[in-house]
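Subject: Structure handover

Hi,

Here is the structure for you to look over. My notes follow below it.

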Amino acid sequence: MALIFTAASTVYFFNKQHTLSTEFHSLKLLAQDIAYHDEVLTMSTFVAALDGDKRWRERYIKYEALLDKSLEKASTTDPRIARFFADTADANEQLIAIETKAFELVSQNRRAEAVKLLKDEEYQSYKVAFSTGLTNAINEVLNNTQYDIDKSQEERGFYLILSMVTSFIIVLVLWYFLIRYVRLTEKAIEGIARKDELSGLLNRREFNRILTYELNRAHREGSLLMLIILDLDEFKQFNDKYGHPEGDSVIKTLGDLLSRLSRRANEYAFRTGGEEFAFVATCHDRNEGLVFCHSLCEEVIQLNIEHANNPPYGVVTASCGIAFAEQSETPLSINELYSRADQALYQAKHAGKNQCAVYEDKNNVETDQQHRVG
């Protein structure tokens, strides 16, 4: 009886904790997606107001739909979140209205007015209200879920100790495996919170945290910080032809490559979403960063992964946008540095792909032709 009770209690609580942990992990990933999509919408609107390119509107529409899907999925994952999203609905609607108005001004070639609209205190207040509401929603549910996990552990411990009265030896063995499981679970939760599961690289949340730290450190120490955004060329066509499992394999292979290239201090590699990656490092000078970016593109093409829909190369290639945080400038924010690298990436794509482009001052992005991979 004691053995049966011990085994039944263990199975019950193990299953309960596994269910709670799975929900916890899912919400963590959804929180990362929501934060990323929200930032992309803001960045797309602001950059469109700066350079007037119509493609930013297309990107905005795409990520607006992705954000809506993520919000809907989060609400269905845990009904408690829906209440918080309802509280931020008005702020979200106002943000969409202002951003839509900004795009209309851009289409009328009134970009200065669009920039002023986006910098207005009203827009910023709605932005803070929406972001804070989302953060509070996810955090409260995650805290409640974590509390349930902790409570489950406490209950499990209680019943296991109770079983020790009649089956001391059996309970000792089960307790050993229980503690081991708890430690592995905590380690897995910590890893999921920091890393992208598919590529093994740091995730978007860590990208925001580390880049903020590195920008501040570089400013204090007077060093040169480099941000590279890498995007696989024609990757949608790759998935269409070879299938998503093969596409996932390419993402994992590139993750292994970037992990190998980011082993020194102050070097970090991230998967920021889809087929987009980021690399942050401190450089002695700009030329060192350009040489590294060139070698990175070469490393990708030397993987020799077949990609028939990527002419004229016939293999998987990558384009890179580089931006530097210069010490002569006013300290940049994450969004400003990311926007610069993203503009450079767009230029590299537009110039023929499989190459690097560096952001230059005065809103001028120049492709470094000598860093085009052959």
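Predicted model: local features only at pLDDT ≥ 70, side-chain atom pairs only at ≥ 80, totals over all residues.

Leu 227 belongs to the largest nonpolar core, which has 52 residues. Phe 207, Leu 211 and Leu 227 have the most contacts inside that core. Helix H1 (residues 2-51) supplies the largest share, 9 residues. There is also a second, separate core of 33 residues. Among its members are Leu 224, Leu 254, Leu 290 and Cys 356.

Now the helix pair. H2 (residues 55-77) packs with H4 (residues 89-107) at about 160 degrees, and their axes are 11 Å apart. Angles over 145 degrees count as roughly antiparallel, so H2 and H4 are roughly antiparallel to each other. Their crossing is left-handed. On the H2 side, the contact is made by Trp 56, Arg 57, Tyr 60 and Glu 64. H4 contributes Ile 96, Glu 99, Thr 100 and Phe 103. By type, the residues of this contact are 4 nonpolar, 1 polar and 3 charged.

Overall figures, to finish. The protein has 12 helices and 6 strands. Of its 374 residues, 47% are buried. Among contacts with a separation of 6 or more, 70% join residues 24 or more positions apart.

Best wishes

Key: Residues numbered from 1 in each chain as written. Heavy atoms only, no water. Axes fitted to C-alpha atoms, helices over the stretch in contact; angles between N-to-C directions. Helix = DSSP H or I, 4+ residues; strand = E, 2+ residues; numbered from the N terminus. Parallel < 35°, antiparallel > 145°, perpendicular 65-115°, else oblique. Left-handed = near helix turned anticlockwise from the far one by under 90°. Contact = heavy atoms within 4.5 Å. Nonpolar A, V, L, I, M, F, W, Y, C, P; charged D, E, K, R; others polar. Core = buried A, V, L, I, M, F, W, Y, C linked by side-chain atoms within 4.5 Å. Buried < 20%, exposed > 50% of the residue type's maximum accessible area, 1.4 Å probe, protein only.
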